[in-house]
Amino acid sequence: MSDLDALTSSAYSQALEVIASVEPRVAEATRQELADQRGSLKLIASENYASPAVLLTMGTWLSDKYAEGTVGHRFYAGCQNIDTVEALAAEHARELFGAEYAYAQPHSGIDANLVAFWSILAHRVEGPWLEKAGSKNVNELTEADWEKLRHELGNQRLLGMSLDAGGHLTHGFRPNISGKMFHQQQYGTDPETGLLDYDAVAAKAREFKPLVLVAGYSAYPRRVNFAKMREIADEVGATLMVDMAHFAGLVAGKVFTGDEDPVPHAHIVTTTTHKSLRGPRGGMVLATEEYAPSVDRGCPMVLGGPLGHVMAAKAVALAEARQPAFQTYAQRVADNAQSLAEGFTKRGATLVTGGTDNHLVLLDVSGFGLTGRQAESALLDAGVVTNRNSVPADPNGAWYTSGIRLGTPALTTRGFGHDEFDRTAELIVEVLRNTEAGTTKAGGPSKASYALADGVAAKVRDASAEMLDKHPLYPGLDLA
Ligand SMILES: *Cc1c(COP(=O)(O)O)cnc(C)c1O
C-alpha cells in the first residue's frame, strides 16, 4: 500500500466513525455503497468513479460559505477562499478545453442548461429589447413594457435532438421546462441508418428559424460534426449551444478533436463534471467572450448559491484531466466501447446505428423478445448495472423501451480493457438469451415481468467477480 493509499484509507475510516457517532445508518449506507459498487459491473453510461482526491475535496467546510455572485464580485463578505477555488476551476477548464470563458457554478447538467438558456435569452432578446426601449434595466420598465418584454422572452424558438433519437430531456422535450418555455421543434436521426442527417437538420432549421440550436446527446452512440452544426446555426442566425454532458471526457482527453470538438464551434457549451469527465457531481458552462457577461448572471438569477466544496472538487478533477494520463484514459474509453460493440455484433445482437464511435452503445433487445425494462431487470439480477433506453421510433415508449444503454467510462476507470469488455458482452448476451418475457394476469404478453433461467444469474455473477477482483475499485482504499 502506498503512503497516499494509507492516508486515504485512514481518512475515510475516521470520517465514517465521526459520521456514525451521529447517525450510524448513514455511515452504514455509505460503507454499503462502496461494497455494492465494488461488486457490480457498472455499465451505466453516465456514471464513473471519481478519484479519492476529488471525493475528499467535497467533504469540507468550503460548504459552509455563501458566495452568490462571481469571483471577486460577491453579495457576501469573506469569500476570498471560495474565489480562489472557483477561479482555479475556471482556469483549469479554460486551459483544458481551450475555452474563452468558463463558469464553474452550476450544480448539475440541467442547471448548466438553464443558465445557458437564460444567458442566450438575456443576450439575444432582453438586451437588444431594452436598448430599443431606451432602458438598461428591467427595474425601470413600466408594467406595460415589462409585459411586452415577458412576451418576447416567452416566445422564442429552440431546435434540439429528440429524446428517442438520443437527445436529452432539456433539449426541448415537451414535458421539460425547455419544451414549455420555448416554442420547440426536434430533429431526429435517419430512420434507415440511425445516424444524424445534417441536411435534414439544416432543412428544419431553415424552416423553423430557431433562436437556439442545441446539439449534444445522452444516448446517441456516434460522434457529431459540430462545424456542420455551426454552419447551420449561422445560416439561420441561431445560437449554437452544445451540451457535452456525456462526452466531455472525450473532448478533454483529445479523442474528439477538430470538427468533433464542440468548444471552437459553439457559442455556448454546457456539461456535467461527473460523467466521462470523472469529476464531482456538478455542471459547468463554457462560453465565448460574447456570452460571458450573461452567463455570469447565472447565480443568483437562475441558480442557488454556489457549492464551494464542489467547485473545489471540480478544480481538482480538472487538474487531473489536464494530466497526460487522462488522454490515455479517454482513448481507452473509446477503444473499449469498440470492443464492447464488436462483442455484441459478433454474437448476433443488434446495435442502434450498427456500432459506436464514442463511449456508449445502444443495444436493441427486441431481437431477444424482451423490452428494455425486462432486460434491465434480468441483468441487474445478474449483477450487471445498466439502464433501459428508448431506441428510435420505439414501439414500447419511453417507460418500457426496447433498448439498453451501456457505457465504458466507469469500468475503464477500474482498468477493464478489450478482453474484459468482450467477456462483458458475452455475459450480457447470455443473460438476455436466457430471459423470457412474462405474461400479464390476463394472459397477454407483459412488458415488465420476466423469468431468468435458473443458475444463470449466479454463473454471470461469478464470472463478473473474477474480472472485478482483478481490477479493484479504489484499490488502495481499505476501510477499518
Ligand atoms: C446527464 C445529462 C444532463 C443532466 O445532468 P444532471 O447533472 O443530471 O443534471 C444534461 N444533458 C445531457 C446531454 C446529459 O446527458
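Which ring does the charged end of R278 sit over? Select R278 and Y329: the charged end of R278 sits over the ring of Y329, 4.1 Å from its centre. A charge is counted as sitting over a ring if NZ of Lys or CZ of Arg is within 6 Å of the ring centre and within 35 degrees of the ring normal.

This is a predicted model, in which local features need pLDDT of at least 70 and side-chain atom pairs count only at pLDDT 80 or more, whereas totals for chains, interfaces and linings use all residues. Residues are numbered from 1 along each chain as its sequence is written, and side-chain values use heavy atoms, with hydrogens and water left out.

Next, select R388 and W399. Here the charged end of R388 sits over the ring of W399, 4.5 Å from the ring centre.

The structure holds nine aromatic pairs (rings of Phe, Tyr and Trp, the last by its six-membered ring, with centres within 6.5 Å; planes under 30 degrees apart are stacked, over 60 edge-to-face and the rest tilted). Select Y217 and Y220, an edge-to-face pair at 5.8 Å centre to centre with 65° between the planes. Y217 lies in the loop between β7 (212-216) and α9 (226-236) and F247 in the loop between β8 (239-243) and α10 (248-252), so the pair ties together parts that are 30 residues apart in sequence. Helices (H or I, at least four residues) and strands (E, at least two) are DSSP runs, numbered from the N terminus.

Y217 is buried at a relative accessible area of 2%, and F247 is buried at 1%. Buried means under 20% relative accessible area, exposed over 50% and partly exposed in between, with a 1.4 Å probe and protein chains only.

**H265**

Move to H265, in the loop between α10 and β9 (268-272). H265 counts as buried at 16% relative accessibility. Leaving aside residues up to four places away in sequence, H265 touches F226, A227, R230, L240, G258 and D259, where contact means heavy atoms within 4.5 Å.

**D83**

Finally, select D83 in helix α4 (residues 80-97). The side chains of D83 and R74 are joined by a polar contact of 2.8 Å (a pair of N or O atoms within 3.5 Å; within protein, one must be able to donate a hydrogen and the other to accept it, and residues adjacent in sequence count only if both atoms are side-chain atoms). A polar atom of the D83 side chain also lies 3.2 Å from the backbone nitrogen of G72.
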